[in-house]
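Please open the structure in your viewer and keep the selection tool at hand. The tour below moves from one selection to the next and says what is found at each stop.

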Amino acid sequence: MKNKVTPLVDEYLESLSGMQEAGTDDFFYTRLKARMDRQGPSQGWSLPVRPVWVAGILFVFLALNSFMLLQRSRASKIKTTTSSSSLQKFAESYDQVISSSY
Amino acid sequence: MNEQELIQQLRQGNEPAFRWLVDNYRNRVFHTVLNILQDTKEAEDAAQETFIQVFESIGSFKQESSLSTWIYRIATRKALDKIRKRTTRKKLHKLLPWWMPEEKKSSGASFQHPGIAAENKEKAAILFKAIESLPEKQKLAFVLIKVQGMNYAEACGLMQQNIKAVESLISRAKLNLQKELEEYYKALK
């Protein structure tokens, strides 16, 4: 009995009825053995993860590095501003003027 | 030779045992990967890779499933890997046509299954083309159960999914195929 929801699929599936098993020829083992001999024993070392994971981990590593660098440069800017303003205050308290070396 | 003896001999690297295994499984493995890949050359390659992996990994086979299920699992994984590589190659070809050579098999070419009777070849080719458009898991479930005629229990063991999940994949696959075939009919009119 045909399915009311997928009648076309059932109709087309009927074309596969009586399908014979598609096999390889008798020389399959010879070709396989030749390939195995060509390849030799497996190297043992291989990537334990898929390349997409390697790329993802690398991206996260680079992003973290960039973030840390950005934070550090911001922190050093604030530190420079703070230290120059406190130096200015110190100089002013002794009626001294600090001229910029630039 | 029973399965336990065969596994034991394969672990010892016994070549006649390996040959026996290849001769007994090559056609079923080839048939499975051919139904998934729809390309004879790629199917031969995937079948060879399957047996190479069986030979190399038999030592780590934990016997949680039968040997045949384990072999078919490797075979379907090899076939799906080839499909993923094919998709990546197609995408790269679109992005960098001068760098990535075009696929030999054009997307418009229809697959003629060698095991199908001549009078059914045309309809089967249309169905196979529609199957190619299915998402990976739906395609695998549909091919194993509906095309290959595998029973649900066997397919569940192979796909490492429970029966409800596989049934759901089959019904979604059928709905998607129905849409594909309806569109094919509309395009003909």
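**Where the chains meet**

Begin with the contact between the chains, to which chain B gives 33 residues and chain A gives 21 residues. As you look, keep in mind that this is a predicted model. On the side of chain B that touches chain A, at least two residues each come from helix 2 (15–37), helix 3 (40–57), helix 5 (121–132), helix 6 (136–147) and helix 8 (163–188) of chain B. Helix 2 of chain B supplies the largest share of that side, with nine residues. If you colour the side of chain B that touches chain A by class, you will find 16 nonpolar, seven polar and ten charged residues.

**Chain A on its own**

Next, select chain A, whose secondary structure consists of three helices and zero strands, in the order α-α-α along the sequence. Chain A has 102 residues, of which 10% are buried.

**Helix 3 of chain B**

Now return to chain B and select helix 3, where the buried residues are B:Glu42, B:Ala43, B:Glu44, B:Ala46, B:Ala47, B:Gln48, B:Glu49, B:Thr50, B:Phe51 and B:Val54. Show what surrounds them, and you will see that the buried residues of helix 3 of chain B pack against helix 2 (28–39) of chain A, together with helix 2 and helix 4 (67–95) of chain B.

**The largest nonpolar core**

The next selection is the largest nonpolar core, which has 52 residues, and those with the most contacts inside it are B:Val33, B:Ala47, B:Ile71, B:Ala75, B:Ile131, B:Ala141 and B:Phe142. The largest share of this core, ten residues, belongs to helix 2 of chain B. Centre the view on B:Ile71 which, leaving aside its neighbours within four places in sequence, is in contact with B:Tyr25, B:Val29, B:Thr50 and B:Val54.

**Helix 7 of chain B**

For the last stop, select helix 7 (residues 152–159) of chain B, in which B:Ala155, B:Cys156 and B:Leu158 are the buried residues. Turn the view to look down the axis of helix 7 of chain B: its buried residues fall within an arc of 165 degrees, so they line one face of the helix. The elements covering these buried residues include helix 4, helix 6 and helix 8 of chain B. Finally, step just past helix 7 of chain B to B:Gln160, which takes a positive phi of about 55 degrees.

Definitions and conventions:
Residues are numbered from 1 along each chain as its sequence is written. Chains are lettered from A and ligands numbered from 1 in the order in which they are written. This is a predicted model: local features need pLDDT of at least 70, side-chain atom pairs count only at pLDDT 80 or more; totals for chains, interfaces and linings use all residues. Two residues are in contact if their C-beta atoms, placed from the backbone, lie within 7 Å. Helices (H or I, at least four residues) and strands (E, at least two) are DSSP runs, numbered from the N terminus. Ala, Val, Leu, Ile, Met, Phe, Trp, Tyr, Cys and Pro count as nonpolar, Asp, Glu, Lys and Arg as charged, and the others, Gly among them, as polar. A residue is buried if 20 or more other C-beta atoms lie within 10 Å of its own, exposed if 12 or fewer, and partly exposed in between; C-beta atoms are placed from the backbone. A nonpolar core is a set of buried Ala, Val, Leu, Ile, Met, Phe, Trp, Tyr and Cys residues joined through C-beta atoms within 7 Å. The arc is that of the directions from the helix axis to the C-beta atoms.
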